[in-house]
Amino acid sequence: MVTNEKIIETNDVHLYYGKNEALKGITLDFNPNEITALIGPSGCGKSTYLRTLNRMNDLIQDVTITGQVKYKGKDIYSPKMDTVELRKKIGMVFQQPNPFPFSVFDNVAYGLRISGMKDKQKIQHIVEESLKKAAVWDDVKDKLHDSALALSGGQQQRVCIARVIAIEPEIILLDEPTSALDPVSSGKIENMLLELKENYTMIMVTHNMQQASRISDNTAFFLQGHLIEHGKTRQIFTNPTQQETEDYISGRFG
Amino acid sequence: MEETQSKFTQKSQKRKFEQFGRTISFICIAFIVLVVLSILYFVISKGLSTFTTDGVSVIDFLFGNTWRPGEVGENGAPLVGALPMILGSFYVTLLSAVLATPFAIAAAIYMIEISPKNGKKILQPVIELLVGIPSVVYGFIGLTVIVPFIRNIFGGTGFGILSATMVLFVMILPTVTSMAVDALNAVPRHYREASLAMGGTRWQTIYKVVLRAATPGLLTAVVFGMARAFGEALAVQMVIGNAALVPTDLITPASTLTSILTMSMGNTVMGTLENNVLWSLATILLVMALFFNILTRWIGKKGAMKK
């Protein structure tokens with residue numbers, strides 16, 4: 001029986017780019033309906049780890065992954081795993097806003113259309129709902145049929161989040177979703193993520209310590225491919241057990 | 001103080017050098033522009049003399065369907081209707097582009113999306129080789145292989161628009177393919193990632209995102225292929241049969257602007273109507289080349305605006 005406790009479990013995950021070991025045995029679990037922040041200096045492997053969770057690393061040549069990644073108790077690296085279905089359940093938002101060069105509406109409807117939805121009214125409804133949930137409806141409701149590339153960076157990123165929400169994933173992976181945005185846009189996205197927490201599990205890579213402490217429930221600190229420490233965000237930020245964590249959080253390196 | 005001032009106002013060695021380089025490159029550019037303008041002037045003024053000196057009406061020339069320079073019709077006007085060649089040129093251009101486009105795009109998709117390794121190792125050199133083969137070789141192959149092949153299947157002489165289309169198809173395929181490859185390459189990686197991360201299959205990603213994002217580039221590729229087909233002379237002339245008749249089907253001899261030009265240019269005397277009217281054909285070719293050029297620029301601009 002699958003317990004409701006952990007939605008993703010990873011066990012001793014190693015990842016190699018060619019011969020270079022980027023992840024050196026990561027064991028980490030995620031609870032449903034919580035936000036987990038992955039922090040650490042650039043190149044520490046946190047983005048790489050995030051991308052193992054929806055098998056985006058498959059797209060890169062010469063990648064070897066060992067260990068186990070389980071989504072709801074199922075090994076996602078088993079040969080029987082359908083990556084297409086998996087990625088519908090585990091959505092991803094990238095660092096750079098990357099809307100397609102289509103209209104706002106077509107961007108959000110994309111996921112619905114590729115999974116075969118034909119009912120126009122239903123699509124319209126879901127697109128509207130998703131844009132509302134992503135807190136960008138008011139910005140774009142009059143420009144649904146204009147190119148998404150004409151929007152500002154913050155609006156683009158929220159459209160990208162709406163695009164992911166539209167396919168109703170259970171987990172949303174966020175790879176530094178606000179690092180390319182100004183503080184106002186970042187704030188809007190943070191508030192939105194807090195609201196989305198009710199329905200989604202979120203795992204977010206961030207370089208912004210304040211952001212991690214503001215919105216995450218759990219924090220995991222990565223360093224040079226190792227998971228140094230993880231736990232409740234409050235505890236990691238106020239009372240870390242490891243010296244490296246404390247040094248990083250207080251800005252002494254990284 | 002004075003010393004510094006003179007240092008700043010005097011031309012330094014470096015600056016003189018800069019100016020020298022700038023002058024040289026300006027002269028080169030001016031020379032190229034001059035050559036192009038003179039060619040344009042020469043061809044167009046010669047082409048127009050059919051209408052100004054010889055009094056042929058433009059309508060008769062563009063839409064007349066009898067091409068017998070040197071003879072006059074019942075109404076006394078010279079028989080220089082260029083419609084058969086104009087139609088022939090358009091037919092072979094459009095047909096070969098329609099035929100080549102799917103192959104070129106499919107090959108480009110294979111090279112970029114499906115198997116970049118094989119694409120780079122095998123297909124790329126093959127395509128580069130195809131571009132480098134001289135057109136007389138294509139024409140010769142067409143003459144010895146395609147023409148008899150079509151004769152055996154459809155009867156007739158085997159010369160005609162179909163043979164020309166086949167030869168042009170092979171000739172423009174590498175051009176269109178390599179430009180289509182560039183167009184697909186220019187689609188940012190993150191579009192593909194976004195689609196795959198949302199549970200798009202590889203085919204959905206290619207079909208709905210990559211091809212859609214690359215559409216302006218792909219159109220440019222096709223137009224370039226058409227421009228090449230429109231201007232190709234030698235290979236077409238060897239297989240089309242060169243009968244200046246309005247084409248009624250694909251397997252009887254026909255002609256194109258270029259094929260009639262290459263056939264007749266050695267047999268006319270400068271300054272006569274027979275010669276002038278060839279310049280008029282050349283003018284049409286020039287205008288069409290300009291048109292294709294403007295079209296690709298326009299597509300490029302439209303595509304850029306969308307981004």
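This briefing walks through a helix pair, a chain interface and some salt bridges. The model is a predicted one. Chain B and chain A bury about 2000 Å² between them, and helices α8 and α9 of chain B each give two or more residues to the side of chain B that touches chain A. Across all chains, the structure holds 15 salt bridges.

**The α8–α9 pair in chain B**

- Two packed helices are described by the angle between their axes and the distance between the axes.
- Helix α8 of chain B spans residues 189-197 and helix α9 of chain B spans residues 202-213; they pack at an angle of about 145°, with axes 10 Å apart.
- Their crossing is right-handed.
- On the α8(B) side, the contact is made by B:Y191, B:R192, B:S195 and B:L196.
- On the α9(B) side, the residues are B:R202, B:T205, B:V209, B:V210 and B:A213.
- By type, this contact of α8(B) with α9(B) has 5 nonpolar, 2 polar and 2 charged residues.

**The interface of chains B and A**

- The size of an interface is often given as the accessible area lost when the parts come together.
- Of the area buried between chain B and chain A, about 2000 Å², 65% is on carbon and sulfur atoms.
- Chain B puts 20 residues into the contact, and chain A puts in 26 residues.
- There are 2 salt bridges between the two chains.
- B:E193 forms a salt bridge with A:R51, and their closest N and O atoms are 2.8 Å apart.

**A salt bridge within chain A**

- Side chains of opposite charge can pair when their charged atoms come close.
- A:K232 and A:E34 meet through their side chains in a salt bridge, at 3.9 Å from N to O.
- A:K232 lies in strand β10 (residues 226-232) and A:E34 in the loop between β2 (20-30) and β3 (35-39) of chain A, so the pair ties together parts 198 residues apart in sequence.

Notes
Residues are numbered from 1 along each chain as its sequence is written. Chains are lettered from A and ligands numbered from 1 in the order in which they are written. This is a predicted model: local features need pLDDT of at least 70, side-chain atom pairs count only at pLDDT 80 or more; totals for chains, interfaces and linings use all residues. Side-chain values use heavy atoms; hydrogens and water are left out. Axes are lines fitted to C-alpha atoms, for helices over the stretch in contact, and angles run from 0 to 180 degrees between N-to-C directions. Helices (H or I, at least four residues) and strands (E, at least two) are DSSP runs, numbered from the N terminus. A crossing is left-handed if the near helix is turned anticlockwise from the far one by less than a right angle, and right-handed if clockwise. Contact means heavy atoms within 4.5 Å. Ala, Val, Leu, Ile, Met, Phe, Trp, Tyr, Cys and Pro count as nonpolar, Asp, Glu, Lys and Arg as charged, and the others, Gly among them, as polar. Buried area is the accessible area (1.4 Å probe) that two parts lose on being put together, summed over both. A salt bridge is a side-chain nitrogen of Lys or Arg within 4 Å of a carboxyl oxygen of Asp or Glu.
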